[in-house]
Amino acid sequence: MTRYLISFDDGAMDHIPDGDWPAVGEAAHAVTREAIAAGVWVYGGGLERQRASIVATDGTVTDGPFPETKEVVGAFCVVDVPTREEALAWAARTAAACRCAQQVRELMADPETDELLRQHATATRATGTPKES
């Protein structure tokens, strides 16, 4: 299967009236429960509305990007589905629940990391504790 990032920009939900937030939260959690039950949910969550830190290759830390820029992600989830069409269908459900448009992007496959994760999961199941590197 292929993993897809479903996300929306920070501020995309600013149009929602305060009184509607409980319903939006329940709708979003319902989609999450459905994705978990379907076995396609990998991970997801909202991001705190705060300044990010950029860490350079030499370890230097600088401030930015700032939440006021449109490039800041507000929330995301990752689903593991067989086709882009299925990812788009999950994004449509998420868009309806969150009351904002969703961006869908395919994540690059990394067979080496997938194999490392399989080995780790196998070792953890066999011993009940994580395998040391």
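Q: What makes R3 count as partly exposed?
A: The relative accessibility of R3 is 34%. Buried means under 20% relative accessible area, exposed means over 50%, and partly exposed lies in between, with a 1.4 Å probe and protein chains only. R3 therefore counts as partly exposed.

Q: What kind of model is this, and how are residues numbered?
A: This is a predicted model, in which local features need pLDDT of at least 70, side-chain atom pairs count only at pLDDT 80 or more, and totals for chains, interfaces and linings use all residues. Residues are numbered from 1 along each chain as its sequence is written, and side-chain values use heavy atoms, with hydrogens and water left out.

Q: Why is the contact of D80 and R3 called a salt bridge?
A: A salt bridge is a side-chain nitrogen of Lys or Arg within 4 Å of a carboxyl oxygen of Asp or Glu. The N to O distance for D80 and R3 is 3.8 Å, so the pair meets the rule. D80 is in strand β5 and R3 in strand β1, 77 residues apart; helices (H or I, at least four residues) and strands (E, at least two) are DSSP runs, numbered from the N terminus.

Q: Is D80 buried or exposed?
A: D80 counts as buried, because its relative accessibility is 18%.

Q: Which residues are joined with R3 into one network, and what makes it one?
A: Salt bridges that share partners join R3, D80 and D114. D114 and R3 meet at 3.7 Å, N to O. This pair links helix α3 with strand β1, across 111 residues. D114 is partly exposed, at a relative accessible area of 26%.

Q: How do you know that E34 and R93 form a salt bridge?
A: Their side chains meet at 2.4 Å, N to O, and the rule therefore applies to them. E34 belongs to helix α1 (residues 21–38) and R93 to helix α2, 59 residues apart. E34 is partly exposed at 34%, and R93 is partly exposed at 36%. By the same rule the count comes to six salt bridges.

Q: How do you know that C77 is in no disulfide?
A: A disulfide is a pair of cysteine sulfur atoms within 2.5 Å. The nearest cysteine sulfur to that of C77 belongs to C98, 8.5 Å away, so C77 is in no disulfide. C100 is in no disulfide either: the nearest cysteine sulfur, that of C98, is 5.4 Å away. A search of the whole structure finds zero disulfides. C77 is buried at 7% relative accessibility, and C100 is buried at 8%.

Q: Why is one side of β2 and of β6 left without a neighbour in the sheet?
A: The open sheet has four strands in the order β2-β5-β1-β6, with antiparallel pairing. Two strands pair if DSSP finds at least two bridges between them. β2 (41–46) and β6 (103–106) stand at the edges with a single partner strand each, so one side of each has no neighbour in the sheet.

Q: What makes β1 and β6 a pair?
A: Strand β1 (residues 2–9) and β6 have four bridges in the antiparallel sense, and at least two are needed, so they pair. Y4 stands opposite E106 in β6.

Q: What makes T127 exposed?
A: T127 has a relative accessible area of 55%, so it is exposed. T127 is found in helix α3 (residues 111–127).
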